[in-house]
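Please look over the model below before reading on. The report then takes its parts in turn.

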Amino acid sequence: MTDFVEGLKIRKVRKRDLLELSRVYAQIYRKHDVGERWSAPAAQKMLGWYLKSTPDLAYLAEYKGKIVGGFFVVLKPYWDGNHLIEGEIFVHPGYQKRGIGSMLMERVLARSIKKHNAIVWEPFVFSWDYPLKWYRSLGFKKAGNRGLISIVGNTRKVLKGLEVADNDRNLASP
Ligand SMILES: CC(C)(COP(=O)(O)OP(=O)(O)OC[C@H]1O[C@@H](n2cnc3c(N)ncnc32)[C@H](O)[C@@H]1OP(=O)(O)O)[C@@H](O)C(=O)NCCC(=O)NCCS
């Protein structure tokens with residue numbers, strides 16, 4: 001374990017790390033079938049978006065020079081202070097359960113508090129067993145006490161419905 005920790009480095013993400021990180025990300029979601037089909041280019045776009053929005057809170061784990069995990073999150077000013085929202089934390093399947101996820105979380109949370117006084121991180125997480133168990137062991141609990149639920153609308157379908165309603169009301173399109 002000491003050898004392992006010695007070979008491990010947690011550091012900030014640079015733009016040139018995104019390709020390797022996105023390969024790890026896509027590999028994880030090929031293994032854990034959560035109904036999402038991530039290709040490396042799609043993952044690269046998403047991780048690039050995170051890096052652009054909140055670059056100083058994007059960290060990766062490197063074992064003997066090979067990227068094995070990452071943590072990206074977005075900082076949003078809210079009525080009661082800064083919240084961390086969204087987020088992707090992931091560790092290569094061959095390196096899970098060795099403390100890397102916890103180390104990434106510790107580094108990013110410490111920095112978010114020190115630099116931005118972040119007060120909470122409220123991610124959406126899969127409800128399947130083990131990540132939830134892991135978050136719980138770190139002190140996260142199920143939200144929902146603010147009357148908020150997650151909803152989704154297909155943009156084209158919603159727009160179509162609105163246009164039909166406009167026509168019914170005889171409103172001119174803009
Ligand atoms: C969740 C995740 C980031 C944790 O990273 P990690 O480096 O494995 O975490 P740690 O080593 O710090 O913590 C280990 C704990 O996580 C849980 N865990 C991690 N990998 C697991 C696995 N493959 N199966 C079951 N439990 C697992 C266990 O609770 C474990 O505790 P234990 O060793 O006492 O059983 C990582 O497993 C992962 O990338 N999972 C796939 C992506 C994912 O689910 N991300 C979260 C999005 S909701």
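## Basis of the model

This is a predicted model: local features need pLDDT of at least 70, side-chain atom pairs count only at pLDDT 80 or more, and totals for chains, interfaces and linings use all residues. Residues are numbered from 1 along each chain as its sequence is written.

## Overall chain

The protein chain holds six helices and five strands. Helices (H or I, at least four residues) and strands (E, at least two) are DSSP runs, numbered from the N terminus. Along the sequence the order is α-β-α-α-β-β-β-α-β-α-α.

Along the principal axes, the C-alpha atoms of the chain fill a box of roughly 70 × 35 × 30 Å. Of its 174 residues, 19% count as buried. A residue is buried if 20 or more other C-beta atoms lie within 10 Å of its own, exposed if 12 or fewer, and partly exposed in between, with C-beta atoms placed from the backbone.

## Strand pairing

Two strands pair if DSSP finds at least two bridges between them. Strand 1 (residues 8-12) runs antiparallel to strand 2 (residues 59-63), with five bridges. Lys12 has Tyr59 of strand 2 as its bridge partner.

Strand 2 is in turn antiparallel to strand 3 (residues 66-78), again through five bridges. Tyr63 faces Lys66 of strand 3, and Ala61 is bridged to Gly69. Strand 3 also pairs with strand 4 in the antiparallel sense, over nine bridges. Lys76 sits opposite His83 of strand 4. These two strands form a hairpin with two residues between them.

## Loops with positive phi

Most residues other than glycine have a negative phi. Lys64 belongs to the loop between strand 2 and strand 3, a hairpin with two residues between the strands. Is Lys64 buried or exposed? Lys64 is exposed, because 10 other C-beta atoms lie within 10 Å.

Lys97 is not a glycine either, yet its phi is positive at about 65°. Lys97 lies in the loop between strand 4 and helix 4. Lys97 counts as exposed, with 10 C-beta neighbours inside 10 Å.

## Helix 6

Helix 6 (residues 155-168) has 14 residues. From first C-alpha to last it reaches 20 Å, close to the 20 Å expected at 1.5 Å a residue. The expected span is 1.5 Å times one less than the number of residues. The number of buried residues in helix 6 is zero, so the helix lies largely in the open. Just after helix 6, Asn170 takes a positive phi of about 60°.

## Ligand shell

Which residues are closest to the ligand? They are Gln96, Gly101, Ser102, Tyr130 and Trp134, out of 18 that surround it. A residue is near a molecule if its C-beta atom, placed from the backbone, lies within 6 Å of it.

Strand 4 (81-91), helix 4 (100-116) and helix 5 (129-137) each supply at least two shell residues. Helix 5 gives the most, with four. The shell divides into 10 nonpolar, five polar and three charged residues. Ala, Val, Leu, Ile, Met, Phe, Trp, Tyr, Cys and Pro count as nonpolar, Asp, Glu, Lys and Arg as charged, and the others, Gly among them, as polar.
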